[in-house]
Amino acid sequence: YRDRVFDIHANPDDGTLPTVQMSGLTIRNGWVEYNTGGFAGPGSGIRGQANLVLSNTAIVSNAGGTIWISGTLDIRHSRVAENNMPPTVDGVAAIYVEDGALSISQSQIEDNQPGGIYVNKGAVAISQSLIAHNEGSIYLSPGLATSDLVPLVTIVDSTFLANAGVA
């Protein structure tokens, strides 16, 4: 049986997002795809409604939109690599942040298919990191409302290498 590795939920009573810290883990072999009941949803390694901090963690060899977070995501001293989408799934990226900020520091985001990073309506800060060999490196979406602004992006001392494109 194939399934995602971690599924984190907001408080069912008031919708409060939990703060979750994961450190020293290897998250691998998560899998989500279409089934007879419809799409199982993104986030084969981690799906969460949370403020998530990943440190010293490897997220590798997952299939189906590796990390999906509605909240904030802070990746430190970690590696997100060699993740892909099954052929039956239209995917966006290995890291998908919805309505929240993404921070990546001293980490590697590499060899992901279909892409590296997708942020919808949130700020992005990348420092001292490698974003390489992804089918796409970063896609930023301001959201659908005309009042939404283009997300703030800060990149410092980082390398973007051999990605299919930057949007």
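Colleague: What makes strand β7 (residues 51–55) mostly covered?

Modeller: This is a predicted model, and in it four of the five residues of β7 are buried. Buried here stands for under 20% relative accessible area.

Colleague: How do you know that strand β2 (residues 19–23) and β7 pair?

Modeller: Pairing takes at least two bridges. β2 and β7 share five, in the parallel sense, so the pair passes that cut-off. One place to look is T19, whose bridge partner in β7 is N51.

Colleague: And what joins β7 to strand β10 (residues 73–76)?

Modeller: Four bridges, with the strands running parallel. Against a cut-off of at least two, that counts as pairing too. Check V53, which stands opposite D74 in β10.

Colleague: On to the rings. How many aromatic pairs are there?

Modeller: Two. In one, the ring centres of Y96 and Y118 are 4.6 Å apart and the planes sit at 5°, so it's stacked: the cut-offs are centres within 6.5 Å and planes under 30 degrees apart. That pair links strand β12 (residues 95–98) with strand β15 (residues 117–120), the two tyrosines being 22 residues apart.

Colleague: Why are Y118 and Y139 called stacked?

Modeller: Their centres are 4.8 Å apart and their planes 20°, and stacked needs under 30 degrees. Y139 is in strand β18 (residues 138–141) and Y118 in β15, so this pair ties together parts 21 residues apart in sequence.

Colleague: Is Y118 buried or exposed, and what about Y139?

Modeller: Y118 has 15% relative accessibility, so it's buried. Y139 comes in at 40%, so it counts as partly exposed; that label covers the range between 20% and 50%.

Notes
Residues numbered from 1 in each chain as written. Predicted model: local features only at pLDDT ≥ 70, side-chain atom pairs only at ≥ 80, totals over all residues. Heavy atoms only, no water. Phe/Tyr/Trp six-rings, centres within 6.5 Å; stacked < 30°, edge-to-face > 60°. Buried < 20%, exposed > 50% of the residue type's maximum accessible area, 1.4 Å probe, protein only.
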